[in-house]
Amino acid sequence: MMQVTERIAAFRAQMEAQHMAAVIVPTADSHASEYLADHFKARQWLCGFTGSAGTLVIGRQEAALFTDGRYFIQAQNQLEGSGVTLMRMGTAGTPTEEAYLDSLTKEGDTVGIDFSVVSAASADAMRAHLSARGVSLADTGDWFAKLWQDRPPMPQGKAFLLETCYTGRSTQEKLSAIRDVMSREKADVHVCNVLDDIAWTLNVRGSDVLYTPVVMSYLMITKNDATWFVDEAKVDDALRAALLASGVQVRGYGEIVQALGNLAPGIRVMADSKKMTASLIAALSKAELVQHENPAMRMKAHKNSVELENLRQAHIRDGLAVTHLMYWLKTRVGKEPMTEISVSDRLLALRKEQPHFISPSFSTICAYRDHAAMMHYSATPETDVALEPRDLLLIDSGGQYLEGTTDITRTFALGDVKEEQKKHFTAVLCGMLGLANAKFLYGVTGIGLDILARGPMWDLGIDYRCGTGHGVGYLLSVHEGPNSFRWYKSATRSEDTVLEEGMVTTDEPGIYIEGSHGIRTENELVCRKLEENEYGQFMGFEVITCAPIDLDAVIPEQMSPRQREQLNAYHAFVRDTLIGLIEDAQEREWLMHATRAI
């Protein structure tokens with residue numbers, strides 16, 4: 001198998017043959033996805049970095065990977081010896097991608113990128129920046145079709161229909177709502193390439209992306225009908241009939257470009273150029289483009305009453321699995337062999353015992369001691385370590401159920417922990433409680449509330465290099481926009497989104513000390529309406545995550561009376577919800593102690 005240095009050398013040979021000074025290799029597929037099917041993991045194959053976010057820039061003599069603070073430690077380790085320089089985005093002295101490209105190019109040069117995986121908006125911005133210096137941007141096409149000899153094929157999983165007892169709204173209702181937006185925008189056609197938006201609209205799910213139950217496809221909606229472009233082998237007769245009854249016909253996945261090109265000249269097509277690839281927008285050259293975000297994005301962020309009730313049930317089941325694991329850890333660590341991987345496997349087995357469990361919602365992070373300082377650490381046989389009856393273990397995990405998607409993080413004290421670690425654990429807990437118990441007027445965004453979570457860490461002179469929380473889909477992506485909690489704006493997220501009733505967002509502050517420990521406590525919150533008076537509509541949150549928080553790592557004196565009251569109220573909810581579902585008398589007794597009032 002070719003090594004990273006050999007792969008990059010072969011890639012540079014292709015660059016030289018095409019007379020390109022630099023080529024950008026993003027972490028991307030043709031559908032603006034965060035998590036990619038293996039077929040699209042070209043950046044990972046080329047440089048060896050396995051994180052879910054990062055852009056690789058290859059020059060004639062040098063190369064660099066740009067990634068964010070979640071992956072600094074991981075990327076540093078995985079890029080060692082590759083000849084690729086790590087660019088720690090957002091830190092002092094690190095150039096932007098644009099500045100780095102400027103250092104690699106001169107007037108008359110060409111920079112390449114695959115237009116089938118880069119958004120039209122990104123390509124336009126890149127082209128504008130480069131052209132100001134006399135540098136052109138060109139479409140490379142998919143070089144990896146030849147370079148990547150053992151490339152995984154496109155996924156072949158079957159699609160299935162999600163019944164309205166889970167979705168709460170029919171496909172016809174969703175299409176009608178989207179057509180209402182099209183009418184307001186005076187659009188004749190809406191085209192969507194985002195997989196979770198399509199899955200939500202059609203009430204279909206699949207298995208084309210690991211842990212994210214979507215189907216590789218495109219959707220075109222007109223005023224009277226809709227067409228789903230998908231590998232037809234994935235659609236059985238029953239699903240095809242159900243879609244047809246909803247006014248949706250099925251065509252081949254590869255027919256989308258031709259279909260767009262065949263649209264009548266001047267027809268008004270509503271599409272999101274921030275998500276649609278440059279190659280798809282180019283196919284619409286004869287049409288009039290109506291720039292608009294996919295209507296499904298915000299519609300699916302507002303969970304309806306059926307979805308919310310289902311989600312509550314999913315979190316009870318998921319919390320029960322996590323609670324079983326916590327009990328086992330607390331009573332068996334040091335008495336039987338445990339490693340990061342074996343604990344992760346046990347948690348998966350416990351989830352599989354729950355009704356309607358489908359798969360994890362992402363790759364479980366089970367990180368002991370200093371491994372937890374890497375926010376997205378994933379244990380491998382080479383890094384797997386044994387757990388001992390001391391120090392901290394961080395587990396960030398989630399499940400996909402017919403009743404929805406879950407995401408939960410707990411940090412466990414496996415025995416004695418240092419006083420500094422308890423201080424950090426308590427600060428993280430106070431931050432999580434502060435945000436979960438926020439009361440605010442309608443119109444506030446995630447930026448406006450982030451300080452409530454981050455404040456206790458800032459009081460210690462500590463920060464975490466990521467957002468505080470992200471939206472969560474319904475049996476879809478564990479990371480779903482547009483809602484989030486973070487104090488800064490970025491080019492890729494809509495942090496100014498007003499928090500609306502029914503939005504589900506995670507609350508997960510943390511502390512990460514390289515070489516020592518990592519701590520994160522995460523619950524999911526549902527935005528709810530509270531009272532309305534002369535000052536306006538007040539809003540708050542309902543916590544739906546249901547599992548104990550480890551009191552063995554808490555310093556009660558570091559918490560205010562109000563914070564202790566909030567923690568005690570949460571633990572009463574956990575205890576009252578789960579105690580009747582636990583059959584083992586000793587585990588019930590342990591749960592009573594684990595959720596005791598402090």
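This is a predicted model: local features need pLDDT of at least 70, side-chain atom pairs count only at pLDDT 80 or more; totals for chains, interfaces and linings use all residues.

Student: How many bridges join strand β8 and strand β10, and in which sense do they pair?

Tutor: Strands of a sheet pair through backbone hydrogen bonds, either parallel or antiparallel. Here β8 covers residues 189–192 and β10 covers residues 217–222. Their pairing is antiparallel, and the number of bridges is four.

Student: Which residue in β10 is the bridge partner of histidine 190?

Tutor: Good one to look up in the 3D view! We are searching in β10 for a bridge partner. For histidine 190 that partner is isoleucine 221.

Student: Which strands stand at the edges of the six-stranded open sheet?

Tutor: Read the order across the sheet, β12-β11-β10-β8-β13-β14, where the pairing is mixed. An edge strand here has a single partner, so one of its sides is left without a neighbour in the sheet. That describes β12 (248–251) and β14 (288–291).

Student: What is the average twist from one strand to the next?

Tutor: Picture stepping across that sheet strand by strand. The twist over those steps averages 25 degrees.

Student: What angle does helix α9 make with β10?

Tutor: Helix α9 (residues 195–202) packs on the sheet and touches β8, β10, β11 and β12. Another helix, α10 (residues 237–245), lies across β11 and β12 and runs at about 135 degrees to β12. For α9, the direction compared with that of β10 gives about 55 degrees.

Student: Is threonine 171 buried or exposed?

Tutor: Threonine 171 is in helix α8 (residues 171–184). Leaving aside neighbours within four places in sequence, threonine 171 is in contact with Thr201, Leu202, Asn203 and Ser246. The cut-off for buried is under 20% relative accessible area. Threonine 171 has 6%, so we call this residue buried.

Student: Over which ring does the charged end of lysine 174 sit?

Tutor: Look for the ring whose centre is 4.2 Å from that charged end. The ring belongs to tryptophan 200.

Student: How many residues apart in sequence are the parts tied together by phenylalanine 440 and phenylalanine 541?

Tutor: These two residues, both buried, form a tilted aromatic pair, 5.4 Å centre to centre with 45 degrees between the planes. Phenylalanine 440 lies in strand β21 and phenylalanine 541 in strand β28, so the pair ties together parts whose separation in sequence is 101 residues.

Notes:
Residues are numbered from 1 along each chain as its sequence is written. Side-chain values use heavy atoms; hydrogens and water are left out. Helices (H or I, at least four residues) and strands (E, at least two) are DSSP runs, numbered from the N terminus. Buried means under 20% relative accessible area, exposed over 50%, partly exposed in between (1.4 Å probe, protein chains only). Contact means heavy atoms within 4.5 Å. Rings of Phe, Tyr and Trp (its six-membered ring) pair if their centres lie within 6.5 Å; planes under 30 degrees apart count as stacked, over 60 as edge-to-face and the rest as tilted. A charge sits over a ring if NZ of Lys or CZ of Arg is within 6 Å of the ring centre and within 35 degrees of the ring normal. Two strands pair if DSSP finds at least two bridges between them. Axes are lines fitted to C-alpha atoms, for helices over the stretch in contact, and angles run from 0 to 180 degrees between N-to-C directions.
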